[in-house]
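Welcome, and please take a look at the model below.

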Amino acid sequence: MKSHKALLLTFLFLYLVITLMPAAVWVCQNPATGESPSPAPSPTAAPSPSPAPTTATPQTFTLQDRATGETLTVSEREFLMGTLACEMDLQSPAESLKAQTVAAYTYYAYQRMYNVPIECDTSNWLVYVPETAMRARWGENYDAHATVLAGVVDAVLGQTLTYQGELALTSYFAISPGSTEAAAHVWAPDAGEEHPYLQAVASPGDAFSDGYLSTADFSLEEFREAALEIAGEGLDGPVEDWLTDVTYTPSHMVKSALLGGTTVTGTQLRAAFGLRSASFTVALDEEGFHFTVRGWGHGVGMSQAGAVFLAKRGANYQEILAHYYPGTQLVLPGS
């Protein structure tokens with residue numbers, strides 16, 4: 001295991017490398033090419049409205065399964081095993097899996113406390129899958145995978161992250177473009193004030209992850225069709241005026257742009273064009289628009305790829321959580 005000092009020096013070096021990467025949008029020059037990315041997995045949801053919290057002491061999670069229309073009630077342990085199976089490669093370092101488990105438990109305990117419905121899709125392995133689905137997919141490897149799940153979950157079961165004595169909204173996602181994103185740039189304008197632990201932090205190891213870089217190409221007609229979902233005017237003029245005035249956040253996510261005659265956010269552009277993240281550059285040529293995308297997911301909270309990177313370099317799950325959710329406290333069950 002590397003010393004803490006060596007880990008910090010390695011992390012700082014990689015951070016400087018990533019932050020010096022160019023992040024300009026190229027419109028009408030430097031055309032990009034490449035294959036379209038595969039469909040991105042649904043990221044953890046943005047903050048939901050917060051009704052009055054419940055006072056019950058929960059021992060289970062109640063889920064609405066979009067695949068079957070059924071309401072599922074599962075124990076906390078069963079839920080954590082099922083959601084960890086959906087979220088990460090079980091060959092990842094144990095400390096990264098523990099960090100994911102604590103983040104997931106805290107996130108959904110937060111949702112449960114405020115009576116926010118928790119949805120899953122057991123057919124597509126989104127949020128949660130039952131043991132039967134794991135056995136069907138893993139076959140003879142089920143026992144080995146189940147042993148990993150049980151070991152990780154039992155090691156951290158009941159542990160939560162809090163901020164000023166309250167459960168934290170510990171959102172997470174797959175891969176950052178080199179830094180996570182402040183919540184205020186992705187969700188409601190005041191999200192950063194409500195959740196000050198969801199700020200931008202360096203995550204340079206993500207650049208070495210499979211899926212970090214992807215591309216998406218659109219003919220002019222395809223671009224127009226997708227753009228009209230969020231911009232109802234301004235696409236009748238010169239093509240070079242269709243997408244202009246792109247601005248970036250400090251984390252290299254697209255903050256805003258002028259799409260025809262409409263000002264839109266990077267999050268809106270990501271959704272309209274089916275991009276893996278809002279960190280992208282654009283090139284235009286005679287064949288159409290070409291997006292080059294870095295990262296995968298909304299970018300707020302813990303990067304799963306970053307957690308794996310840190311764990312491989314000796315960080316434990318407590319250090320990983322402290323890095324991605326600065327200012328939070330890890331609370332053990334019963335304390």
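The lining of the largest pocket is made up of 11 nonpolar, 5 polar and 5 charged residues. Here Ala, Val, Leu, Ile, Met, Phe, Trp, Tyr, Cys and Pro count as nonpolar, Asp, Glu, Lys and Arg as charged, and the others, Gly among them, as polar. This is a predicted model, in which local features need pLDDT of at least 70, side-chain atom pairs count only at pLDDT 80 or more, and totals for chains, interfaces and linings use all residues. Residues are numbered from 1 along each chain as its sequence is written, and side-chain values use heavy atoms, with hydrogens and water left out.

**The largest pocket**

- The largest pocket holds about 580 Å³ of space; a pocket is an open set of points on a 1 Å grid over the protein atoms alone, where a 1.4 Å probe fits, with protein on both sides within 12 Å along at least five of seven lines.
- Of its 21 lining residues, Asp89, Ser92, Ser209, Ala305 and Val308 are the closest to the centre; lining residues have an atom within 4 Å of a point.
- Helix H2 (76-87) and helix H9 (304-312) each supply at least two residues of this lining, and H9 gives the most, with 5 residues.
- Helices (H or I, at least four residues) and strands (E, at least two) are DSSP runs, numbered from the N terminus.

**The sheet E8-E9-E10**

- In this open sheet, 3 antiparallel strands follow the order E8-E9-E10; two strands pair if DSSP finds at least two bridges between them.
- Strand E8 (243-248) and strand E10 (262-265) are the edges, each pairing on one side only.
- From one strand to the next, the twist averages 20 degrees.
- E9 (residues 254-259) is joined to E10 by 4 bridges, and Ala257 stands opposite Val264 in E10.
- Helix H8 (residues 266-273) packs on the sheet and touches E8, E9 and E10, its direction making about 85 degrees with that of E10; contact means heavy atoms within 4.5 Å, and angles run from 0 to 180 degrees between N-to-C directions of lines fitted to C-alpha atoms.

**The hairpin E1-E2**

- E1 (residues 60-65) and E2 run antiparallel, joined by 5 bridges, and Gln64 has Thr71 as its bridge partner in E2.
- The hairpin has 5 residues between its strands, and Gly69 in the turn has a positive phi of about 80 degrees.

**The whole protein**

- The protein has 10 helices and 14 strands, and 50% of its 335 residues count as buried.

Technical notes: Grid points are joined across faces, edges and corners, and a volume is the space filled by probe spheres set on the points. Buried means under 20% relative accessible area, exposed over 50%, partly exposed in between (1.4 Å probe, protein chains only).
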